[in-house]
Structures are given as C-alpha cells and as structure tokens.
Amino acid sequence: MKKNLLISVIISSLFIVAIPAKAVETRCGWLHNPTPRNWYLIDKDGRWIISRQGGYEAKGMEDNLPTYNEKEYVKTNGYYGYGCACMDVVTDSARSRISEIRGGESLPLSTCREDPNVPKSP
C-alpha cells in the first residue's frame, strides 16, 4: 500500500513539473474600449480580445487595466474610446485572447502613433 502511494505521489509530482507555466508577455498598442464591456488590445500581432459584453473576460481585468487621463484618451462613442498602453499579459494565441492581465500602464498617444510596429489608431 505504501509503495503504491509513493508511486502515485512521484507520478503526480512529475506531471505537475511537466506542465509548462504560461509565460507573461509585455504587449504594447491600442487599448480599445468601443462599447460597454468590449475591450481589445491592438498591437503588431493583431487584435487581442480582453472581454466581450455578456461573455468572455480576461482574469485580472478589473484590477489591472491601465487608466487614462483625459489628454491621452480618444473618445469615439460617448465615454468609450481608446488609448495607448503596454500591458503584462498571458495570451491564448489560438483564440487571439488575453487570458490574464498582470499589470500595465497607459502611455502617451504619440507613443503608439509613432511606433511603426503598431497599426494606425483603431
């Protein structure tokens, strides 16, 4: 019995070690909130879904989305719009989603406007 338990613990430990940790990436681009609860990050690799109204929402969104001052935010739909940001995130590239936001900061609009790797504003 003890031998079977020991083997189970060893196998479980090996399995846990074999699972790769999800890497945190820093992604910079347009943080776009066009309508309520719809958030995207648009960077050099495309559009990453952060949340969709009535559906998907990345972990850490409530606490870790960058905030903007009025000068560095473009309103396109009442209160909603976009700004420039860098965010520390975990992505699901197969679904073009950000699965977790670990942190981030807003940047001047000029940073994204002048970066040749970032698409033109959304």
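The model is predicted: local features need pLDDT of at least 70, side-chain atom pairs count only at pLDDT 80 or more, and totals for chains, interfaces and linings use all residues. Residues are numbered from 1 along each chain as its sequence is written, and side-chain values use heavy atoms, with hydrogens and water left out. The protein chain has 3 helices and 6 strands. A search of the whole structure finds 2 disulfides, and the structure also holds 3 aromatic pairs.

**Overall fold**

- Along the sequence, the elements of the protein chain run α-β-β-β-α-β-β-β-α. Helices (H or I, at least four residues) and strands (E, at least two) are DSSP runs, numbered from the N terminus.
- The protein chain has 122 residues, and 32% of them count as buried. Buried means under 20% relative accessible area, exposed means over 50%, and partly exposed lies in between (1.4 Å probe, protein chains only).
- Take the contacts in the protein chain between residues at least 6 apart in sequence: 55% of them join residues at least 24 apart. Contact means heavy atoms within 4.5 Å.

**Disulfides**

- A disulfide is a covalent bond between the sulfur atoms of two cysteines. The cut-off here is a pair of cysteine sulfur atoms within 2.5 Å.
- The link of cysteine 28 and cysteine 86 is right-handed, with 110 degrees about the S-S bond.
- Cysteine 28 counts as partly exposed, at 31% relative accessibility. Cysteine 86 is buried, at a relative accessible area of 16%.
- Cysteine 84 and cysteine 112 form a disulfide too, with their sulfur atoms 2.0 Å apart. The pair links distant parts of the chain: cysteine 84 is in strand β5 and cysteine 112 in helix α3 (residues 109–114), 28 residues apart.
- The torsion about the S-S bond of cysteine 84 and cysteine 112 is about 80 degrees, so this disulfide is right-handed.
- Cysteine 84 is buried at a relative accessible area of 0%. Cysteine 112 is buried at 3%.
- With the bonded cysteines of the protein chain numbered in sequence order, the pairing is 1-3, 2-4.

**Aromatic pairs**

- The rings of tryptophan 30 and tyrosine 82 have centres 5.2 Å apart and planes at 90 degrees, so the pair is edge-to-face. Rings of Phe, Tyr and Trp (its six-membered ring) pair if their centres lie within 6.5 Å; planes under 30 degrees apart count as stacked, over 60 as edge-to-face and the rest as tilted.
- This pair links distant parts of the chain: tryptophan 30 in strand β1 and tyrosine 82 in strand β5, 52 residues apart.
- Tryptophan 30 is buried, at a relative accessible area of 0%. Tyrosine 82 is buried at 8%.
- The rings of tyrosine 68 and tyrosine 73 have centres 5.5 Å apart and planes at 40 degrees, so that pair is tilted. Tyrosine 73 counts as buried, at 16% relative accessibility.

**Charges over rings**

- The charged end of arginine 47 sits over the ring of tyrosine 40, 4.1 Å from its centre. The test is NZ of Lys or CZ of Arg within 6 Å of the ring centre and within 35 degrees of the ring normal.
- Arginine 97 lies over the face of tyrosine 56, at 4.0 Å from the ring centre.

**Arginine 27 and threonine 91**

- Arginine 27 lies in strand β1 (residues 25–35). Arginine 27 counts as buried at 10% relative accessibility.
- Threonine 91 is in strand β5 (residues 80–92). Threonine 91 counts as buried at 17% relative accessibility.
- The side chain of glutamate 25 makes a polar contact of 3.0 Å with that of arginine 27, and one of 2.6 Å with that of threonine 91. A polar contact is a pair of N or O atoms within 3.5 Å; within protein, one must be able to donate a hydrogen and the other to accept it, and residues adjacent in sequence count only if both atoms are side-chain atoms.
- Leaving aside neighbours within four places in sequence, arginine 27 is in contact with residues including Trp48, Cys86 and Thr91.
- Not counting residues up to four places away in sequence, threonine 91 touches Glu25, Arg27, Trp48, Arg97, Ile98 and Ser99.
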